[in-house]
Every structure is written in structure tokens, then in C-alpha cells.
Amino acid sequence: MSLSLNVLNHLGLNLYSNVPAVLSEAVANAWDADAEQVDVDILPDEGRIEIVDDGHGMDEHDVNNRYLRVGYRRRQDEDRRNRTPKHDRPVMGRKGIGKLSLFSIARTVEVYTTKNGEWHAFRMNVDEIKEAIGKEEAGNGSMQPQSYVPTTIDGFPEDVNQGTKIVLKDLKKRVHTAESALRKRLARRFSILGSEFNFTIRVNGEEINITDRDYFHKVQFLWTFGNDEYVEYCRDQKLKEHEHRSATTENGYEVKGWIGTVEKPRDLVEDYPGEETEVDDLNKVSLMVRGKMAKPDLLEDFNDGRMYTKYLVGEIHADFLDYDDEEDIATSNREDVVKDDERYQELLDFLRDELNHIANRWGYLRNEQGSEEARKSDVIDMWYESLSPDNREQAQKLFGKINQMAVNDEDDRKELFKYGVLAFEDLKYKQNLEQLEATSAEDVGEVSRILGDLEDLDATRFHQIVTQRLQVIKKLQQQLEEDALETILQEHLGEHPWLLDPSWERAAGTDRMEKWMRVDYLEEHDEAAGRINLKCVRAAGKHILIDLKRPDYEPTLSELQSQAADYRESLETMLRKQGRAGGATEVVIIVGHLPDPKDNDRSRRSRRSLDLDDARVLQYDNMLTETRELYESYIDNRTGAGRVSRLIDEIEGGNLFE
């Protein structure tokens, strides 16, 4: 068996997709080289990236037999321990392909390294590697593997006296990542930063530290495993709850790290100014092994769609996944692990139990916190105290549910809260009715209070209805101006006649009346089948038949008079058959434009309507305007708001959730 040079296409040339992942491999190599400082310099104007470390560097043997040897297994080298000689660090490298990741973002890679008085410099080029691959494939049929020999570089940088310098040139993608963004991303990929580990990473001269991960200050509830050091990184005024958890799997493997939840899902989405394509989603629990990210998100391996998962962020450290004497669990791209490995499955079992605990605890804490936040308002606190003990417990859950919902618009959150409160008031309504039955006639004060509460709730509910109807009417008028009324007629006015007249409400039996009218009238008037839309309503004790004409239909006066007489006759015939003869009736025809009456007839036309012998003819836009004015007048003249009304006003106009 032999390996083709073409394997490089699969292992490195196009393996990685982002700059931080590539740079992480170079930083990991510096860690394994016992470096104490790594400098990453992003030079977008010059189109290159430089990585410089002060580690032990490489001599000629190291370069040819270790660095340039693809697949060199660091931990199987009998001449080297699996811990570094100077700082006794557990090495990160294992497969010997990490350096190939550099070609994912650069066409040219230059390496300068020094060790034991030796100075070596060479250049590798993607096009040259691909040329060697091409020669191999175009061989004489024997398919003998080819070697690639880098180009020796004459000269050596004066600023490199120890360790290794790597220069990435001819970048495949524009280097536009802001320095602050790169610091965040590198900080999230390593947990071995700082004096404790004697390891420093700097980006363009500025040191990276653990707080550059930029999510600790967002954590509201925190669960830690192994130790509690992460608590000190959280912001005191933001962190509301911390719980230390057991950190041992079923077979005794040790787990460290933390999982936290934030206040709002949008806290876990960040973008960087001027970088439209780069948005980081922090809603992840990353897996760290030997101080380096081994998998960006463990949550993707759980089929958990519960609400709490949208609030999660964290890091789980599981070094037992990378013991030297066990099989390598990492996939070739170093961004995932072998999912069916028993060790990984044990970690998932451990996390599944912990996530279930977090879900239950999070729900309780959110309910408690939601209640606390809502009751900061005096009027809501008074309302809460007015509830029975059982209802208070349910109200607290309501506050929490609203607090848990992923609603970014605070107006939407207020709407949820408002209708939740009204639902509770409906419960109290029923309780008050039962209480009213048990109240004696002599207890005038208690009876007055109960009746007042019932009246207040009814008034509040009607005010909400009026407010919503007013919003609908304003929207309809806007569409009327845009000549979209014909569609609106079909969708809204027929089913909601109150839009045209507040007194028109659909009542029981009107559907049957409409069906009978259509069948009876259309059988005798075939020519009208395509142009009538009949509706029946009841208002002020009258049966009202409404014909909604198409707004672009312009009937003549004689047509309207003829139709009105026919409608009147059909309506009275129908009522007579139903045993309702003699009841008050009215026929209303609604048109887009009013016709002019003749001088010699008995019809009368005002600015907004036309009165015939058998019907009233009204105009759409006039009716909408009048209805809007009536609703607005009701709201403007509303006085004497009661307890529930004041509560709803507080929710709608206050800063309840800020």
C-alpha cells in the first residue's frame, strides 16, 4: 500500500473554513514546543499573517522527519515523551496533520525556525504542491508516490532569535476579521491562557485573557463542574444564581467546566461592525480537551428542543477523551469527535442528566425572577397580592413563562403579559360570581365591591376590543387609499360587519338566514349571481340585510331601487316563513360611490348616504370614517378607570420589563 500526494487535498488544502480554526493549530504547535509566548499579527494591508513563538524551535532533523512528515504521530515517537521537556505540558498534537490547515487560508507558507545554533528557512506553495500532485497522476502508469520539496529561503529574520516564525502569504480570503473579534475567537478555543499555565497569546501586541471570551458577563444562572473559578469572571450584578455540581461520570471520569444561561436569547448573538458575513452564535456548549477546543458545540448531539436550550452557553473540559494509551477520538479536521466512541457516549450520558437538572432548575429560577421583576411595579404588586394563594402560585408561573419566551420585541412581551393578567381576572370573575351567590343582601359594601370588579373587568375587556378594532379600521383605510378594498371585502368586512357599523354584530342564526336569502333570491334573479354579497346581522332588535357591492361597481339609481324592493320582499318572506312576521327589518346596500338622485323621485341624498323607499345606500369610506370616529371618541372620553384598567394601562405604558 502506498499513499498518493493527493491526500494533501483532503487533509489540509481545503480542510478548514475560518481563520481562527487555522491559527489554533499553529498556536497548539507552539504549546507543544514549550513556548511561553505566541504573537499573532494580522496585517491586512500587506495581505499576510505572522505567527511567532519563543518555543524550542526545530533543527534539520525536526524539520524533515517531524514537521514536513505528514502523519507524524507525536505520541508514538519513542525518542520523545508525551509531555514537554521544559514545562511538562501534556502535548496537544496527535495526528501530525495540523500544520496542513495553514494551506486552507494561504497559498504560500514560509517557516523560519532555530534550535541549537541551527537556522532553517523554507517556503511551501500550494500551486507547487498541486503541480507535484499533477505529475504523480500523469506518471507512467505505475502511480509511484511523489515527494514535495519546499524551497529553501536565503536569509533569516533578525527578530527571530528563538523558536519559530510562520508567515502566511497570498491569502485565499481577505483578512477582514477585526482584532477584537479574533481575540474573542482564539480565547474561546483555548483554556490554557495566563500565568497559571505560563502561556500567553497576543494578537497585534495585545494579550488575550479568559475574559476576552466575552460571554461570562452575560451569564444569569451558572452551573460549575470540578471547580468554581468561573464564578469570579461573571459580573456580580448580572449573575443571580450559582450551583456547584458533581463532576464525575458513571465510570469515574473527571469532568470540569461550566454551563450558564443568559437573560435573553439575543444575548448569545453577536456581530462585528463592518463584517456583514461574520456573525457568531454563542448558543453553544463547547468541548475542550487538553486545553484546546475539540468540538465547537456539544448541544448538536442532543435532540432537545426545549425552550431553555436557546439560553445556554458553556464549556465542558473532558481530558479523558484524549488519553495517550487509548485510540484517538478526534476526526481528521480536529473540529469533531468520533460519536460512537464509548468515552464520548459516557460524556453525553453525563451531560444529558445535567441538562435535565438545569432545565428544571432554570424553569423555577425564571419563574421566580419573572415574578420579582414584574412585582417591581406597585400596581402589579397590588394586583398580585389580591389573588388567592393558589392563583398567586399560578401567576408566578405565568410571569416566568413570559420571562422564558424568546420574544425580542418588548411590546409583544407586554401583550403576552396583559392577556395573561386578563385571563386571571376571568378566573376571579367566576369566583366573584360564586361569592355573590353566597353574599347576603344586607352586606351592601361587599356586593358593591363584587359588582364593581365585574363592571371594571367588562369595561377593560371592551376597551381592549375597541383599541384593536380601531387599529384594524386604520389599516383598512390605508388599504382603501391604495385601491385594495376589493380583496379586503372578501377577507374582512363580510365576517366582521362591526368594521362598518359598531352596532352590527353577527348573531346566532344569521348564517342560516344568509344561506336562505342567497338560495331564494338568486333562484329568482340569476343575473345577480356574480355581483351580490349578502350578509345578515341583528342590531337594536332589527333584522338587517346587507348587500356588500364591489367597490368598483357603480349601479344606477333605478338599479338600486329595484334591488332594494326585491331585498325587502325576500327578507319579509323569509321572516314570515320562520314565524317572525311583523318584526323590524332594514335593508342596507353599501357601494363604493353614491349615485345622484333624480330631481323628480322621492329619494334623498345626504353627503354620506342615500335614502330610498326600501333601503339605505351607504358608502364604504364614509362608514369606516364614522366607525373610526366613534371608537376614537369612546377612548378619548373614557373616565373612571378601575383597578384592572389601571393595571392594563400600567402594562401598556410602563417600562415593565426594562
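Reader: How many bridges join strand 14 to strand 15?

Author: This is a predicted model, where local features need pLDDT of at least 70, side-chain atom pairs count only at pLDDT 80 or more, and totals for chains, interfaces and linings use all residues. Residues are numbered from 1 along each chain as its sequence is written, and side-chain values use heavy atoms, with hydrogens and water left out. Strand 14 covers residues 285-289 and runs antiparallel to strand 15; strands (E, at least two residues) and helices (H or I, at least four) are DSSP runs, numbered from the N terminus. The number of bridges joining strand 14 to strand 15 is 3.

Reader: Which residue in strand 15 is the bridge partner of L287?

Author: Two strands pair if DSSP finds at least two bridges between them. The partner of L287 lies in strand 15 and is K295.

Reader: Which strands stand at the edges of the open sheet of 6 strands?

Author: The order is 10-9-11-16-14-15, with mixed pairing.

Reader: How do helix 2 and helix 5 lie to each other?

Author: Helix 2 (residues 19-32) packs on helix 5 (residues 179-189) with axes 10 Å apart and an angle of about 55°. Axes are lines fitted to C-alpha atoms, for helices over the stretch in contact, and angles run from 0 to 180 degrees between N-to-C directions. Angles under 35 degrees count as roughly parallel, over 145 as roughly antiparallel, 65 to 115 as roughly perpendicular and the rest as oblique. Helix 2 and helix 5 are therefore oblique.

Reader: What distance separates the end C-alpha atoms of helix 13?

Author: Helix 13 (residues 557-577) has 21 residues. The expected span is 1.5 Å times one less than the number of residues, so helix 13 should span 30 Å. The distance between its end C-alpha atoms agrees, at 30 Å.

Reader: Is D170 buried, partly exposed or exposed?

Author: D170 is found in strand 6 (residues 163-171) and has a positive phi of about 50° although it is not a glycine. Buried means under 20% relative accessible area, exposed over 50%, and partly exposed in between (1.4 Å probe, protein chains only). At 44% relative accessibility, D170 counts as partly exposed.

Reader: Where is D214 found?

Author: D214 also has a positive phi, near 65°, in a residue other than glycine. Its place is the loop between strand 8 (206-207) and strand 9 (219-225).
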